[in-house]
Amino acid sequence: RADEEVSDPKALLEDRTKAKCVYQWYEYQKCVKRIEGDETGQKHCTGQYFDYWKCIDKHVAEKLFDSLK
């Protein structure tokens, strides 16, 4: 068992659930395109980025805690 590679089930579940958060991903990408030419550094897409990861975390949590029991 010491030679076995330990895998993180959260990372695997994140990859699988990204498809459920397509809307949030597109909103983030739209924001990135919208602020592309901002040279002041004042504009950002932090809110959309966090919305995307919040969606992923929500879907991952549902399955992750079931698998850890």
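Is Glu14 buried or exposed, and what is its relative accessible area? Select Glu14 and you will find that it is buried, with a relative accessible area of 15%, where buried means under 20%, exposed over 50% and partly exposed in between, using a 1.4 Å probe and protein chains only.

Before going on, note that this is a predicted model, in which local features need pLDDT of at least 70 and side-chain atom pairs count only at pLDDT 80 or more, while totals for chains, interfaces and linings use all residues. Residues are numbered from 1 along each chain as its sequence is written, and side-chain values use heavy atoms, with hydrogens and water left out.

Next, colour helix H1, residues 9-17, which holds Glu14; helices are DSSP runs (H or I, at least four residues), numbered from the N terminus. Leaving aside residues up to four places away in sequence, Glu14 touches Trp53, Ile56, Asp57 and Val60, a contact being heavy atoms within 4.5 Å.

Now select Lys10, which is partly exposed at 34% relative accessible area and forms a salt bridge with Glu14, the closest N and O atoms being 2.9 Å apart. A salt bridge here is a side-chain nitrogen of Lys or Arg within 4 Å of a carboxyl oxygen of Asp or Glu, and by this rule the count comes to three. Lys10 and Glu14 are separated by about one helical turn, because they lie four residues apart in helix H1.

Finally, select Glu27 and Lys30, which are joined by a salt bridge at 3.2 Å, N to O, and which sit three residues apart in helix H2, residues 22-34.

Methods:
Helices (H or I, at least four residues) and strands (E, at least two) are DSSP runs, numbered from the N terminus.
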